[in-house]
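I opened this entry to record what I looked up in one structure. The notes go from the sheet to the helices, then to the cores and charged pairs.

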Amino acid sequence: MRPSWQISVRYRFPKSRRILHSSQFTVILRRGVCVADGVLVLFAVESEPGSPSRLGVTIPKRTGNAVARNHWKRLIRESFRTQQDRVPDGMNLVVRPKKGATADWAKIQKSIPYLTRKAARRLGSEK
């Protein structure tokens, strides 16, 4: 059995795994492939092969007030953080909620790995 500190290190979400600058968001949104389901919309571009995937979250104001937007952000980040091993490497991702969707933890948990695999297939077919 692993010590608890090794488990927590495995699921960290450091700044190196995040999209931080608006210019990076713009590139991903303009050049990336777009995939969606009933809960989330995901934009993806390829990054360096073998590098870990990075995540950016954008929540439009039409989603709700600040409390609702922050709730969405927490759920999306936590879902990505706990499922990093199920997300294909070598992608930069931007995720936003689909218009009219509700912030449901179980649906977001299913959506993140499904959409990242779908985006990886599309990126692979565009070569």
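For the helix entries I took contact to mean heavy atoms within 4.5 Å, and angles to run from 0 to 180 degrees between N-to-C directions. I note that the model is predicted.

**Helix α4.** With that in hand I looked up helix α4, residues 105–125, and found that α4 lies across β1, β2 and β4. Its direction runs at about 40 degrees to β2.

**Sheet.** I then asked in which order the strands of the sheet stand. There are four strands in an open sheet, ordered β1-β2-β4-β3, and the pairing is mixed. I marked β1 (33–36) and β3 (54–57) as the edges. Each has a single partner strand, so one side of each is left without a neighbour in the sheet. On average, neighbouring strands are turned by 25 degrees against each other, direction ignored.

I checked the pairing of β1 with β2 (residues 40–46): the two run antiparallel and are joined by four bridges. I picked out Val-35, whose bridge partner in β2 is Leu-42.

**Helix α2.** I next looked at α2, residues 22–31, which packs on the sheet. α2 touches β1, β2, β3 and β4 (91–97), and its direction makes about 100 degrees with that of β2.

**Cores.** I asked which residues have the most contacts inside the largest nonpolar core. They are Leu-40, Leu-42, Ala-44, Leu-55, Ile-76, Leu-93 and Ile-108, in a core of 23 residues. β1, β2, β3, α3, β4 and α4 each give two or more residues to this core. The most comes from α4, with five residues.

**Salt bridge.** How many salt bridges does the count give? I noted one. Glu-78 pairs with Arg-81, and their closest N and O atoms are 2.7 Å apart. I checked where the two sit: they are three residues apart in helix α3 (residues 66–82), which means that about one helical turn separates them.

Are the two partners buried or exposed? I found Glu-78 partly exposed, with a relative accessible area of 29%. Arg-81 also counts as partly exposed, at 25% relative accessibility.

Notes: Residues numbered from 1 in each chain as written. Predicted model: local features only at pLDDT ≥ 70, side-chain atom pairs only at ≥ 80, totals over all residues. Heavy atoms only, no water. Salt bridge = Lys/Arg side-chain N within 4 Å of Asp/Glu carboxyl O. Buried < 20%, exposed > 50% of the residue type's maximum accessible area, 1.4 Å probe, protein only. Pairing = 2+ DSSP bridges. Core = buried A, V, L, I, M, F, W, Y, C linked by side-chain atoms within 4.5 Å.
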